[in-house]
Amino acid sequence: PTSAQVSVVPHSGRFCYTLDNDLLTTEQRQFYEDNGYLLIRNLVSDEDIERFRKEFTRICKREVKPPGVMIMKDESLRSQFGQSEKVVNKVQDFQEDEELFRYCTLPEVLKYVECFTGPNIMAMHTMLINKLPDSDKQTFLHPMHQDLHYFPFRPAARIVCAWTAMERAHQDNGCLVVQPGTHKTALKPHGYPQWEGKTNKLFHGLLEEDEKIPKVHLVMEKGDTVFFHPLLIHGSGINRTSGFRKSISCHFASSECHYIDVKNTTQEHLEKELQEMVCKKYSATSVELKDIWNFRARLVQGERINL
C-alpha cells in the first residue's frame, strides 16, 4: 500500500490495533482501540531517568560522540551558552549510544510494546527531546502531525511509540497534545507550517487541520509513559516556563513490517529532504531511504525479519 492508501485490516475478533496478550486489561485494549493511545503511570524508574539525563548532558558537552546521533540545536543561543543542554533541543538516532539505548530495552517498556508489535521488535526511531523555553527567534512548538508521515514501512498497526516524561509535563511547559480517535483516519498531507522564521528542520505538520476535533493535553508525571499509534494526530505546545521539558521516546515496529516505495505519495518530498541531509552530513553522493532506516533500526527482541 502507498501512504495515501493506509488502512488497517481487522484481526478476527473485536480488536485490530492490539494483539492478544496477558498484560493489558480488556478496558485498556478498548481504550487504545477507541482513542489510539494508552497512558501507563509510573512505568520507568527515577534511577533510569537520571541515568538518561546524565548521558544527555554528556552528549551535549561532547564528552561522548555516539556514531549516527543527530543533535538538533537552537543556533541563536550558541554564542550565549556554548556547548550545553541550554542550546540542544533534541538528540535523535541514539541507537548506538548504549546508555540511552537502554531505554529501548527496558523490560517494563518492552512488555507493553509487544502488545502492539508482537514478539519480534525493532527500535526504529529514537529521540530524547529537551523542549527549550520559548524565545522570540525560535519556537519549539511541534505542529499537529502523524508520525507515520516519517516512516516508509507498514503496516501502521504494528508500529507504536513509547514516550516517557523525564519530568512533569503540563500545559505550561508544552506537554503532548493528542486528538483521540484520529488513528482511524488515513495518512494526511504534511509540510512546513506557515510560521515566518520559526520553522524547525523536519518539524512537519498537517497542511490542513480540523479544528473541530477535540484535543486532549496529556499531563504526565516523571516516569509516566504513553504508547500511541503512528496515525494518531498529536503535537506539543510552547514551553512557557524557564525550565527544560525533557522526554525520551522510541518508535518500535514489528520486524515483520515491510518497506514501501514512497514515490508519488505524500511522503515523497520528505524522502528527498532526508536524503539531502544525510548526504550532506556524511559527504555522500546518494543514499537510499531504505538504507537510512536500516542504519537507524536496531533489534531489541526476537528475530530480525524484514526491517
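N264 lies in the loop between β15 (258–259) and α6. In this predicted model, N264 has a positive phi of about 60° although it is not a glycine. Its relative accessibility is 74%, so N264 counts as exposed. D93 also has a positive phi of about 60°, and it is not a glycine either. The residue sits in the loop between β3 (88–92) and α4. D93, however, counts as buried, because its relative accessibility of 5% falls under the 20% limit.

The protein has 307 residues, of which 56% count as buried. Its secondary structure comprises seven helices and 16 strands.

Helix α6 covers residues 268–282. At 1.5 Å a residue, its 15 residues should span 21 Å. The end C-alpha atoms are 21 Å apart, so the model agrees with that expectation. The buried residues of α6 are E268, L270, E271, E273, L274, Q275, M277, V278 and C279. Their cover includes β2 (70–73) and α7 (289–296). Just after α6, S283 takes a positive phi of about 50°.

Helix α1 (residues 26–35) was treated in the same way. Its residues R29, Y32, E33 and N35 are buried. Elements that cover the buried residues of α1 include β1 (37–40), α5 (107–117), β7 (159–165) and β12 (225–228).

Helix α2 (residues 46–60) packs with helix α4 (residues 98–105) at an angle of about 145°. The two axes are 9 Å apart. The crossing of α2 past α4 is left-handed. On the α2 side, the contact involves D48, R51, F52, E55 and I59. These meet E99, L100, R102 and Y103 in α4. By residue class, the contact of α2 with α4 holds four nonpolar, no polar and five charged residues.

Aromatic pairing was then examined across the chain. The count comes to nine aromatic pairs. One of them, F52 with Y103, is edge-to-face, at 6.0 Å centre to centre and 85° between the planes. The pair links distant parts of the chain: F52 is in helix α2, Y103 is in helix α4, and the two are 51 residues apart. F52 is buried, with a relative accessible area of 0%. Y103 likewise counts as buried, at 0% relative accessibility. Another pair is formed by F153 and W293. Their ring centres are 5.4 Å apart and their planes lie at 75°, so this pair is edge-to-face. It too links distant parts of the chain, with F153 in strand β6 (residues 153–154) and W293 in helix α7, 140 residues apart. Both F153 and W293 are buried.

The bond runs from R154 to P155, with omega near 5°. P155 lies in the loop between β6 and β7.

Note on methods
Residues numbered from 1 in each chain as written. Predicted model: local features only at pLDDT ≥ 70, side-chain atom pairs only at ≥ 80, totals over all residues. Heavy atoms only, no water. Helix = DSSP H or I, 4+ residues; strand = E, 2+ residues; numbered from the N terminus. Expected span 1.5 Å × (residues − 1). Buried < 20%, exposed > 50% of the residue type's maximum accessible area, 1.4 Å probe, protein only. Contact = heavy atoms within 4.5 Å. Axes fitted to C-alpha atoms, helices over the stretch in contact; angles between N-to-C directions. Left-handed = near helix turned anticlockwise from the far one by under 90°. Nonpolar A, V, L, I, M, F, W, Y, C, P; charged D, E, K, R; others polar. Phe/Tyr/Trp six-rings, centres within 6.5 Å; stacked < 30°, edge-to-face > 60°.
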